[in-house]
Amino acid sequence: MPQYAIDMKDIVKRFGEVTASDHVSFMVEKGEVHALLGENGAGKSTIMSMLSGLYKADSGTISIQGKEVRIRSPKESMELGIGMVHQNFRLVQTLTALENIILGEKGSLWRGTSWMNKKKREIENIADRFGLRFPAGVPVWQLSVGEQQRVEIVKTLYRGANIIIFDEPTSVLTPGEADQLFRTMQELKQNGKTMIITTHKLKEVMAVSDRISVMRKGKMIANLESKNTNVQELARLMVGREMSNGISIKKKQRGKPILEVEDLVVRGTHGNDALKDINFTIFEHEIIGIAGVAGNGQKELAEALTGLIPWTGGRVAFNNANLKVPTVKNLIDKGIAHIPEDRMKSGLAGSLGIVDNLLLKTYRTKSRTKYGLLQKKKNKTWAEELIKKFDVRASDLHSPVRQLSGGNQQKLLFAREVDQDPKLMIAVHPTQGLDVGATEAVHHMLVNLRGSGSGILLISEDLDEVIQLSDRILVLYSGEIIGELDRAQANKEYIGQLMAGLTGKEEAVL
Amino acid sequence: MDLFILLITAAISSGTPLLFAVLGGIISEKAGVINLGTEGIMLIGAVISCIVFIQTGNLFVTLVAAVFAAAGLGFIHAFLCISLRSNQIVSGLAITLFGTGLSAYLGKAIAGTALAVSVPKIKLPWLESVPFIGRIFSNLDLFIWVSVALAVLLYLYMYKTSLGLHLKAVGDSPSTSDVMGISVAGYRYFHVIAGSMLMGLAGFYLIMVYSPNWIEGMTAGRGWIAIALIIFARWNPLYALLCAYFFGGLDALGFRIQLFDIGIPSYFLKMLPYVSTILVLMFIGWKNRHNPPAEPTSLGIPYFREQRF
């Protein structure tokens, strides 16, 4: 009988009427990399949160290293040797990496220079041993996402974790960074650490794990050895039905130019030029993909083209008419739709219901208001039709949309934007944090929009997505377009090099 | 010259109650809880001091009573904001309204009674010979030195100790602190109550040293100025020291200029600290319009562990 590092039996957890975890049993052997697979909302995070002491189970037992335990707080979880690398990093952005790692340490009240130096050496030792490099002395918000994740990993190691939980670790990483993470995980495994990785990306699961548990709708569905399974089987288990093999995009003759951008210069938040002399044109029936590592000007490009920030130089023409210092409202009225980066921050109003969120951009039109008053009944039927058309699943039209799953939120957002027959859509990370089913739905919506004659600017960090959907791909690197490829030329390695700022095909080493 | 020295001395003594209140506000806000009850807590501190001093005549007993009365109000605020997760602005305003009303009621019988109080002065004879500085610093009262020491100690506490690091983490990111095994509620309760105690001390100083007889509403908005000064001082206790004396100076200036009969109505001069507060806040806002805010990131947001985002 194998020795279990984690043995959870019959775990039940309810949030109100929702059963997030329905008699789930979950076992992890010592020294293995165990993948917990499931769509968003399947209950992975709930199970992990119980291990890390954030939630308490309503019933069921948890044993760690063979001993039955009760985990009542994150501190107790830590004392049991469990460390968690959260999806949204649990780092205090205003503190340095060093301060974050020693945070919570009691004893040694006085923090003089010598003490801090001692800790710094100690932490650098750990970091070096596992090849996890990051600057220790600057505030965490200045670090890249990959570096922040390394800080998180070192933090768990510093606290003596034997079991490390990675919660959706690659959702924020570039392909290169993800590969590096997997190498680190192998290194950790050789050092006898037990690891759990929760994810919905099947290829990663196959690449990194020894065993796999699959959850669906709060239930544990299957427990498999990685070498005895394959991606298709996992997908079927996870979604509960056969998955289509990606999406097929018919070749379309591109039409008239919709958006022409010439020598665009946009100033960034720190006073530097975030975009330098950008040139491109989007035509009808065309998806333009923007690839690049976060922070190379994508955010500014999207914000400038949706009127959120002004540009300082260059020319932008929409439908052959020059745009002069546009306002957001002006661009909405002209027919530019926007799927923002953070749907709950700038896409939807979380505490409003579905009808109100659908109204946010059209409330001033004649069909929605009469004598300055909203037409309640009419708007309700309109909203009902829309959510039916876009397959938004919600219990009722008026409960806050923040309670919807990420996929349904995104569909709702698309419903609002697409309903206005946009000429151009700026979609930023449209599938970030979505599960397989919802991602597929979003891809279909984008392709349908292209089919109806709109142009789409797709900004995404998911390189597979960009390559799959885009007719042309532009690679942004430090505010400049460093390369342009069409669908036939698109090749992941080459784009990866461009994203890292390497231009010549020959000189690049990977 | 003499006038200048007088003015600085006056600035220090009128800045000291502000300093106590600002320091109290800083530690409370550093933990993530705004305390708009400052004005009310200062008034309660002052009226309790007055009553207890008339009864006992003992300065130390008076001090303890004022501080504990303030701690009581601080506890109510903490309970509302931390355990019940109610709105910090509303709770703070309620504390101020409550404190203003209660102090007026309690103070009815003693209004106008002059207190025969003598606060110990710290004599530093060796300093007297130093020109200028000597005349200012050689003869200050005990509580001024206490307030200065507090500012320095709080600075060291906040930036040089493990507890200070935890305090900053709790105010900036309570969810992270929780995961790291820091008691968010514990830190918040402690600092809100300790901060309120300092505000009570501000009231104590106001009535025992600055103007020793009870007048209804005698804080005259100093609690509100203190709240603005927290921003002015960028949550740093040492800056708070300078800011408090600067505003104390404006207060004193308004008072002294009247002696010269320069034809400005006294009401305008009395406005000086309040108008400056507005101007300074505008200036700070304008100066930092491109910078990330210096305030604790989670200021004003109640923390609930099982909240689903």
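Analyst: Let's start with a sheet in chain A: four strands form an open sheet in the order E12-E11-E14-E15, with antiparallel pairing. Strands here are DSSP runs of E of at least two residues, helices are runs of H or I of at least four residues, and both are numbered from the N terminus. Two strands count as paired if DSSP finds at least two bridges between them. Strand E12 (273-283) and strand E15 (321-322) of chain A stand at the edges with a single partner strand each, so one side of each has no neighbour in the sheet. E12(A) pairs with strand E11 (residues 257-267) of chain A in the antiparallel sense, over seven bridges. In E12(A), Phe283(A) has Pro257(A) standing opposite.

A word on the ground rules. This is a predicted model, in which local features need pLDDT of at least 70 and side-chain atom pairs count only at pLDDT 80 or more, while totals for chains, interfaces and linings use all residues. Residues are numbered from 1 along each chain as its sequence is written, chains are lettered from A and ligands numbered from 1 in the order in which they are written, and side-chain values use heavy atoms, with hydrogens and water left out.

Now for the surroundings. Chain A is divided into domain 1 (1-81 + 163-169 + 191-242), domain 2 (90-161) and domain 3 (257-509), with bounds from an automatic or database domain assignment. The centres of domain 1 and domain 3 of chain A, taken over C-alpha atoms, are 34 Å apart. Five residues of domain 1 of chain A are in contact with five residues of domain 3 of chain A, contact meaning heavy atoms within 4.5 Å.

Another strand worth a visit is E8 (residues 194-199) of chain A. Six of its six residues are buried, so E8(A) is largely enclosed by the rest of the structure. Buried means under 20% relative accessible area, exposed over 50%, and partly exposed in between, with a 1.4 Å probe and protein chains only. In a regular strand, side chains alternate between the two faces of the sheet. Here Thr194(A), Ile196(A) and Thr198(A) point one way, and Met195(A), Ile197(A) and Thr199(A) the other. Strand E3 (residues 33-37) of chain A pairs with E8(A) in the parallel sense over five bridges, and His34(A) stands opposite Ile196(A). Strand E7 (residues 163-167) of chain A also runs parallel to E8(A), joined by five bridges, with Asp167(A) opposite Thr198(A).

Next, the nonpolar cores, each a set of buried Ala, Val, Leu, Ile, Met, Phe, Trp, Tyr and Cys residues joined through side-chain atoms within 4.5 Å. The largest has 128 residues, and those with the most contacts inside it include Phe166(A), Met185(A) and Trp214(B). Helix H10 (residues 184-210) of chain B gives the largest share of this core, 12 residues. Domain 1 and domain 2 of chain A each supply at least three residues to this core. Leaving aside neighbours within four places in sequence, Met185(A) is in contact with Val33(A), Phe166(A), Met195(A), Ile197(A) and Val208(A). Apart from this core lies another, of 34 residues, including Leu386(A) and Phe390(A).
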